[in-house]
Amino acid sequence: MNSPGIDFHTHPVLVREMVRRHPELDTAARERFYIGNTYQPLETLHLELDASGLGKAVVLAMDARSSGKGTVYSNEQIAELCAMSDRLIGFASVDPGCGDALPRLRSAIEDLGLRGLKLNPAMQEFFPDDERAFPVYELAQELEIPILFHAGMSWEPGSRLEYGRPGRFEVVAAEFPRLDIVLAHLAWPWTTEAVALALKYPNVHLDTSALYFENPRDFLSFVMSRQIPLGVFEHSLRKQILFGSNYPRVEIKNMARAVRSLGFSEDCLDLIFRANAERLLSRRKRNGLSIEREAITGVVGA
């Protein structure tokens, strides 16, 4: 029997327990993440997963100090949150524009036990193909962790759309073939360009955390069955699509229901919701030895 699935893209900005412990997270949620919803107990996230038929969620840090946008969640705070729940999988963030990016990334993975890296070129104000970011990619490849990139449109005030164009990621995919790259939000509105990139480069993946008009079901139906035929995802990219909700901007259950309504086969849905995420999260390198784990235990240091 397959294990429950994973939401590969969530932001823990509304977790009430963490805001009470770290009042600065209130500013991060309101002034940097631009969300005004009421803070909720951690159990609310668990209930969202339960209602969606999912077992775990990736929670994301964000470090944008060099652009003057500060930190939304630090690596240490993500590790602290994951220690509160065995259903959370922590991703680090480092700022490629800061001189401490490499030691911070290594420490986040090896000392804090985080499982991947989140980068947001629009918020951090760097182009993905800028060679100054290459040392971060090299280290992520060495550590055998995936990088989840914000891609496509960004609402960030003052940011440039060009930061999120999928074409800017081609150099990264080509130069780092062993690096697992996930382009968030289907890189909308350039989803066709992102799909072409994924078709050419097997290390490029897309997550479903996209909603820019109407509701999740109508939006994904348009993008993943009319704008691009569903068969492209079902047959050609079935191992490169991951479920992501972008919670709390979108309720997990609503995004999950939308993906399940598209008409994918059960085998493909299992890949999207579970198997692809487990594969990306299972690769780790320790002491020069590459190991593969068959299951994600969910504890932050696992």
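These legends describe close-up views of one predicted model.

Residues are numbered from 1 along each chain as its sequence is written, and side-chain values use heavy atoms, without hydrogens and water. In this predicted model, local features need pLDDT of at least 70 and side-chain atom pairs count only at pLDDT 80 or more, while totals for chains, interfaces and linings use all residues.

**View 1. Confidence along the chain.**
The mean pLDDT of the protein is 91. pLDDT is the predictor's confidence in each residue, from 0 to 100. A value of 70 or more is reached by 93% of the residues. Residues 285-302 stay under 50. For this stretch the model has 42 contacts beyond four places in sequence; a contact means heavy atoms within 4.5 Å. Where pLDDT is low, the predicted coordinates should not be read in detail.

**View 2. An open sheet of 8 strands.**
The strand order is β1-β2-β5-β6-β7-β8-β9-β10, with parallel pairing. Strands (E, at least two residues) and helices (H or I, at least four) are DSSP runs, numbered from the N terminus. Two strands pair if DSSP finds at least two bridges between them. The edge strands are β1 (5-10) and β10 (241-242), and each pairs on one side only. Strand β9 (residues 204-207) is joined to β10 by 2 bridges. Asp207 has Leu242 of β10 as its bridge partner.

**View 3. Helices on the sheet.**
Helix α3 (residues 42-52) lies across β1, β2 (54-60) and β5 (88-92). It runs at about 130° to β2. Helix α13 also packs on the sheet, touching β1, β2, β5, β8 (181-183), β9 and β10. The direction of α13 makes about 75° with that of β1. Axes here are lines fitted to C-alpha atoms, for helices over the stretch in contact, and angles run from 0 to 180 degrees between N-to-C directions.

**View 4. The β3-β4 hairpin.**
Strands β3 (residues 62-64) and β4 (residues 70-73) run antiparallel, joined by 3 bridges. Ala64 has Gly70 of β4 as its bridge partner. The hairpin has 5 residues between its strands. In the turn, Gly68 has a positive phi of about 85°.

**View 5. The largest pocket.**
This pocket holds about 500 Å³ of space. On a 1 Å grid over the protein atoms alone, a pocket is an open set of points where a 1.4 Å probe fits, with protein on both sides within 12 Å along at least five of seven lines; lining residues have an atom within 4 Å of a point. Grid points are joined across faces, edges and corners, and a volume is the space filled by probe spheres set on the points. Of the 28 lining residues, Phe33, His150, His185, Asn246 and Arg249 are the closest to the centre. The lining has 16 nonpolar, 8 polar and 4 charged residues. Ala, Val, Leu, Ile, Met, Phe, Trp, Tyr, Cys and Pro count as nonpolar, Asp, Glu, Lys and Arg as charged, and the others, Gly among them, as polar.

**View 6. The second largest pocket.**
About 190 Å³ of space lies here. The lining has 12 residues, with Ser3, Gly5, Arg260, Asp270 and Phe273 nearest the centre. Helix α13 (residues 266-281) gives the most to this lining, with 5 residues.

**View 7. Backbone details in two loops.**
Leu186 lies in the loop between β8 and α9. Its phi is near 55°, a positive value in a residue other than glycine. Pro189 is in the loop between β8 and α9 (191-200), and a cis peptide bond joins Trp188 to Pro189. Pro248 sits in the loop between β10 and α12 (252-260). The bond from Tyr247 to Pro248 is cis, with omega near 10°.
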